[in-house]
Structure formats: C-alpha cells, structure tokens
Amino acid sequence: MKLGFRTRSTVAVAGLAACLMLAVTAAPSFAQQGAGRGGRGTGFIQSSNPRVQNRTYKFADTNEDMPYCVFVSSKVSKDKKNPLIISLHGLGIGPGFMCQGKAIDLAEEGGYILAAPMGYSPGGWYGSPVMQGRGGRGGAPAGPPPPENLAELSEKDVLNVLAMMRKEFNIDERRTYLMGHSMGGAGAYFLGSKHAKEWAALAPIAPAAFLMNTNRAAILQGIKDTNVPMLVTQGDADEAVPVTNTRMWVETRRELKMNYEYKEYPGVTHGPIIEAAIPDIFAFFGKYSKSATR
C-alpha cells in the first residue's frame with residue numbers, strides 16, 4: 001500500500017513554521033539550542049524541566065548523536081509492565097517541546113513513560129511525505145539540502161527510540177501509544193497506519209497531513225484494519241492547519257466506520273491546542289489497551 005507522495009508546498013510550510021515560532025515563544029520552560037550538524041539543532045531540543053531526561057544516542061545510519069527526551073513517572077517499576085507514550089513534535093522545533101507542561105504532570109499521575117524523539121530532523125515528517133520550503137528564515141541563505149532519504153531516516157529514528165524504551169524499561173506492549181502535534185500529527189497518521197500493530201491508540205493533534213490528503217482513505221484503512229482507536233483534536237481557530245482539512249479526514253473516518261473520536265476546541269489556535277487537548281488525550285489512552293489478537 002502506498003502511503004504518501006513527495007511534493008513541494010512552500011506556502012503551507014512557511015505558515016506552519018511561522019505559527020510554530022509564535023507557539024514556542026510562549027513556552028519559556030525550554031532550553032533553546034543553536035543549530036547543530038546538518039541543521040538539525042534549530043530550537044527547543046532540550047527541556048529544562050528537571051523531571052525530564054535530555055538524552056542522545058548514536059544514530060548508526062549517519063553516525064550522528066541524535067537527541068531525544070524521556071520522562072519516567074515515579075510510579076514506573078521494573079517489577080510490572082508500564083505504559084509508554086511516544087510523542088512527536090511539530091515542524092521546526094525539537095523533542096523538548098513535547099516534554100513539558102500538562103503532559104509531564106499527567107504522565108506522572110498515570111504512571112507513564114513518555115519519550116519524544118527528534119525524528120532525525122526538525123523537518124523530517126516521521127516517514128510521511130516531506131514538505132519542503134525554499135530558502136532560509138528571515139531572508140537568511142538556505143541551508144544544505146536534506147538527504148534524499150530524509151523521510152526514511154525520520155521514521156527510523158522514531159522506531160529506534162521505541163526499541164530503546166522497550167529494552168531499558170519493562171514496557172507494556174499492550175499499552176504503547178502514539179501522539180503527535182502538527183507535523184507530528186501527520187507522523188501519527190503515517191506511523192499509526194504503517195506500524196499499526198505497535199499501538200494501543202493514536203492521538204493526532206492538529207495534524208498537518210496536507211500531503212496525504214489524496215490517499216487519506218488508504219492510510220486510515222491501515223489503522224482500521226487493526227482496529228486501533230484514535231482521538232483527533234483540533235482548534236477551530238487554527239491559523240496553520242485549517243479546521244476544514246481535519247474535518248475532511250474526520251469525514252473519511254466516518255465513511256470507513258472507524259473506531260475514532262473527534263474533539264474540536266472553540267477559539268483555540270495551533271500552539272495552544274497541545275495543552276488544551278492533553279487531558280483529553282490521556283483520558284482517551286487510559287481507556288484502551290491492545291487486545292491479544294492484535
């Protein structure tokens with residue numbers, strides 16, 4: 001099954017990047033980093049929350065140190081199976097952006113491990129079609145071109161972090177969840193479909209899935225075939241991901257008779273949707289574990 005296609009959409013990517021920069025200025029709890037090798041270290045790589053572990057590992061495919069962050073609830077124990085959430089960040093930022101705020105508080109309360117990978121690049125798109133803009137920010141020169149296999153590297157980084165969590169901790173494979181915001185929401189659709197058997201439930205947040213619109217039914221069918229429940233959240237005032245785009249995907253889910261919920265938040269824009277939706281996402285994840293037959 002073909003899950004995506006590659007194209008350019010400069011206007012959309014510029015809008016997403018601008019809106020994300022507005023969002024991150026309202027999040028002072030992060031350590032903003034300078035540009036790293038290959039242009040992958042743009043901003044908010046690390047969380048400054050003292051409860052979060054900022055880590056790196058050696059990414060064998062490119063021999064680079066790849067950042068990711070992990071939060072481990074005080075309720076996690078090696079003597080029992082523990083639930084895991086993989087959280088995917090949006091365009092132009094890093095994993096630390098997902099290791100903050102209510103997500104950490106609710107992960108502590110619920111006994112979760114929460115891990116946020118880089119996805120190889122701030123614009124890697126986690127295996128879904130890569131949306132590329134032109135030139136640098138603010139009139140700056142364009143950086144080096146991304147590798148041809150950027151989507152593949154981005155997907156592999158997520159799967160590497162998932163494998164590392166399973167090796168290090170006593171992870172409950174029946175309660176392993178995937179969520180993501182914006183670009184990460186597109187990644188949640190893509191990885192939720194391609195690797196559906198890994199997840200107990202999915203939660204795309206304001207998913208920037210523009211480049212998968214034309215084959216959304218095939219992508220969603222991959223999720224339906226393994227009966228993975230999904231909660232999609234979206235602000236109706238989103239300035240980067242139009243609510244009409246998300247509603248279109250919701251209508252396709254309805255037509256396919258999928259196991260899903262959709263929640264729309266009046267007056268909420270692209271950045272604030274994360275904090276608005278997180279309590280509902282954790283409540284949704286708490287209702288589902290993967291059946292033995294899946």
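Guide: Tyr112 and Phe282 are both buried (under 20% relative accessible area, exposed being over 50% and partly exposed in between, 1.4 Å probe, protein chains only). The model is predicted, with local features needing pLDDT of at least 70, side-chain atom pairs 80 or more, and totals using all residues. Numbering starts from 1 along each chain, and side-chain values use heavy atoms, without hydrogens or water.

The structure holds nine aromatic pairs (ring centres of Phe, Tyr or six-membered Trp within 6.5 Å; stacked under 30 degrees, edge-to-face over 60, otherwise tilted). Tyr112 and Phe282 form one of them, edge-to-face, with 5.3 Å between centres and 90° between planes. This pair bridges 170 residues: Tyr112 sits in the loop between helix 2 (101–110) and strand 7 (113–117), Phe282 in helix 7 (residues 273–285). Helices (H or I, at least four residues) and strands (E, at least two) are DSSP runs, numbered from the N terminus.

Helix 7 also supplies Phe285, whose partner Tyr177 lies in strand 9, 108 residues away. Tyr177 and Phe285 are stacked, at 4.6 Å centre to centre and 20° between the planes. Tyr177 has a relative accessible area of 2%, so Tyr177 is buried. Phe285 is buried too, at 0%.

Elsewhere, ring pairs join Tyr57, Phe59, Tyr68 and Tyr120 into a cluster.
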